[in-house]
Amino acid sequence: MKIGIVCPYSWDVPGGVQQHIRDLAEALIDEGHDVSVISPADDDTPLPPYVVGAGRAVPVPYNGSVARLSFGFLSVSRVRRWIRDGDFDVLHVHEPEIPSLSLLACWVASGPIVATVHTAIPRSRILLVTYPVVRTGMEKINGRIAVSEAARTTLVEHIGGDAVVIPNGVATRRYRKADPLPGWPGAGGAIGFLGRLDEPRKGLSVLLKAFEILGPQRPGLRLLVAGPSGDEQDILNRVSDGLRDRVVLLGQVSEEDKVRVLHSVDVFCSPNTGGESFGIVTAEAMAAGVPIVASDIDAFRQVLRGGEAGELFATGDAADLARVAGRLLDDAARREQLSAAALAAVADYDWSVVAKDVFSVYETVVLGSTQAAVTALSNGFP
Amino acid sequence: MITDIVIVVAAALLIGVYVSWRAGRIDRLHARVDMARAALDATLLRRSSAAMELAGSGLLDPATGLLLAAAVHGTRSSDRPRDLAESDLTRALRAAFSQPDFRTSLSGKEGADELLTEVEGTAHQVYLARKFYNDVVAATRDARRRPLARVLRLSGRAKAPEFFEMDDSLTAEKTGASLGL
């Protein structure tokens with residue numbers, strides 16, 4: 001099948017949506033499909049052979065922060081040309097509610113269109129205000145996919161209609177084996193954290209508070225923290241003097257080192273306080289087979305099968321995290337058991353499985369369409 | 001003797017008149033600040049209405065329309081400080097208007113010229129109204145800071161007016177710095 005995929009964010013910027021699209025496209029290509037991805041990208045960025053650049057994304061304020069997006073009539077004509085040249089059987093847009101390429105593709109295209117919604121956002125008036133502007137594009141979507149139950153709820157509440165939930169895939173092969181970092185996890189045990197340090201929702205402060213409780217009780221226990229941004233000194237200042245040298249901050253790490261970090265700890269902690277629609281990092285930790293302690297938010301409860309494939313603690317409650325993590329650090333048998341359960345559970349999320357689910361959505365949409373292929377409308381734009 | 005009393009009384013009268021004139025001036029300045037603020041609010045509202053009209057007009061591609069609509073929504077919600085939200089709207093408008101050949105791409109479309117002219121016109125009014133407002137705020141703050149005004153508390157309980165700072169130029173250079181990056 002000829003599949004056209006639209007990415008709304010710059011290919012050269014690392015991000016969950018871009019990674020999702022890359023893994024999905026590669027899994028579909030492995031299955032023998034003909035895939036083309038269009039994405040904003042800087043002109044000098046080397047792109048994989050299946051990606052077509054749509055020009056540089058422009059930084060603009062959106063929703064209270066600055067985002068790099070592609071909009072305007074030049075982007076429209078690039079998308080239109082790509083659709084014309086591609087002669088796709090199905091068009092798959094990602095995050096069509098963002099003012100970028102995907103929305104434009106929906107607007108220009110006619111034919112079988114599938115959309116994937118990634119973000120879960122709390123109910124707000126913004127979509128009520130802006131929806132009339134994007135209605136024409138959104139109404140053309142024939143099949144919707146949400147990457148999580150939370151993202152689906154967002155879509156249903158804001159836009160109406162329904163979506164099938166197909167969770168993100170994990171390229172499990174990449175996580176299965178790696179050498180621990182030298183000297184880790186060490187005799188006293190180690191707890192790991194991955195994620196942005198300065199984003200409160202990622203919950204690092206909950207973990208630091210829990211370490212204040214666990215650290216004094218367990219003289220050898222160390223904390224391994226990897227992730228971009230954040231003032232290192234500020235983070236260390238949040239830990240009491242005696243514990244400071246047992247908190248190791250790695251900063252931003254490469255993909256390979258990320259896998260090594262996961263293999264360097266006895267327990268991996270996902271202390272997020274909300275906002276997570278799937279928890280890709282948690283799933284990656286599962287693919288590495290490291291025992292997990294995660295906050296009891298919807299997204300984690302779902303990937304961890306209600307606690308079967310990882311321990312859950314009361315969201316935001318450092319004392320509860322300390323209790324659960326402590327118990328797990330003392331119980332090697334339970335860790336073995338969780339590791340095996342996590343590996344088994346994460347197999348369901350492997351991209352090879354997920355891409356098949358996505359493909360069956362394509363088939364359904366193509367079957368229900370009166371049009372044999374995706375075509376481009378002129379919309380009165382050059 | 002008599003002349004001394006006359007001089008003292010006259011001096012006291014003159015000082016009284018002068019002080020009351022100064023107090024009256026500060027009072028008038030505060031009233032002018034309120035008026036200038038009302039005018040600024042009105043122009044900001046007109047600009048956001050014009051931007052919303054453009055966003056929903058169907059003239060623009062939906063991504064640009066959505067950007068503008070979201071920015072207009074920001075100026076009407078209380079989630080974000082007013083100055084930041086209005087600056088965001090300016091930047092969103094600038095991103096739309098600074099596309100190469102933006103006007104030419106819309107020329108000839110029904111109502112396009114009127115709408116674009118209205119958005120640009122209201123944006124220019126925001127620039128003017130903000131300039132006038134900040135001028136009178138500066139004058140008021142200056143008058144309040146004089147020693148006599150401070151010692152005699154001539155401004156009473158009225159709070160010192162604040163400047164309104166925002167990015168209000170649709171034609172600023174499209175550099176990263178001007179976008180606050």
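Select Gly4(A) and Leu91(A): in E6(A), Leu91(A) is the bridge partner of Gly4(A). The labels E and H stand for strands (E, at least two residues) and helices (H or I, at least four residues), which are DSSP runs numbered from the N terminus. This is a predicted model, in which local features need pLDDT of at least 70, side-chain atom pairs count only at pLDDT 80 or more, and totals for chains, interfaces and linings use all residues. Residues are numbered from 1 along each chain as its sequence is written, while chains are lettered from A and ligands numbered from 1 in the order in which they are written.

**The sheet of chain A**

Strands of a sheet pair through backbone hydrogen bonds, either parallel or antiparallel.

Two residues are in contact if their C-beta atoms, placed from the backbone, lie within 7 Å.

**Helix H14 of chain A**

Select residues 351–367 of chain A, which form helix H14. At 1.5 Å a residue, its 17 residues should span 24 Å, and the end C-alpha atoms are 24 Å apart, which agrees. The expected span is 1.5 Å times one less than the number of residues.

Colour the buried residues of H14(A): Trp351(A), Val354(A), Ala355(A), Val358(A), Val361(A), Tyr362(A), Val365(A) and Val366(A). Seen down the axis of H14(A), these buried residues fall within an arc of 135°, so they line one face of the helix. The arc is that of the directions from the helix axis to the C-beta atoms. A residue is buried if 20 or more other C-beta atoms lie within 10 Å of its own, exposed if 12 or fewer, and partly exposed in between, with C-beta atoms placed from the backbone. On the other side of H14(A), Ser360(A) and Leu367(A) are exposed.

What do the buried residues of H14(A) pack against? Among the elements of chain A that they pack against are strand E1 (2–6), helix H1 (16–30) and strand E6 (90–94).

**A hairpin and some backbone angles**

Select E4(A) and strand E5 (residues 65–69) of chain A, which pair in the antiparallel sense over 5 bridges. Tyr62(A) stands opposite Ser65(A) in E5(A). The two strands form a hairpin with 2 residues between them, and Asn63(A) in the turn has a positive phi of about 55°. In E4(A), 4 of the 5 residues are buried, so the strand is largely enclosed by the rest of the structure.

Most residues other than glycine have a negative phi, and most peptide bonds are trans. Go to Asp87(A), in the loop between H2 and E6 of chain A. Asp87(A) has a positive phi of about 50° although it is not a glycine. Then go to Glu95(A), in the loop between E6 and H3 of chain A, where phi is positive at about 50°. Is each one buried or partly exposed? Asp87(A) is partly exposed, with 13 other C-beta atoms within 10 Å, whereas Glu95(A) is buried, with 20.

Next, select Trp184(A) and Pro185(A), which are joined by a cis peptide bond with omega of about 0°. Pro185(A) lies in the loop between helix H6 (173–176) and strand E11 (190–194) of chain A.

**Across to chain B**

Show both chains: 28 residues of chain A are in contact with 26 residues of chain B. On the chain A side, the largest share, 8 residues, comes from H4(A). The residues of this side divide into 20 nonpolar, 7 polar and 1 charged. Here Ala, Val, Leu, Ile, Met, Phe, Trp, Tyr, Cys and Pro count as nonpolar, Asp, Glu, Lys and Arg as charged, and the others, Gly among them, as polar.

Finish with helix H5 (residues 112–145) of chain B, whose 34 residues should span 50 Å at 1.5 Å a residue; the end C-alpha atoms are 49 Å apart, which agrees. The buried residues of H5(B) pack against helix H1 (2–55), helix H3 (82–97) and helix H4 (102–106) of chain B.

Methods: Two strands pair if DSSP finds at least two bridges between them.
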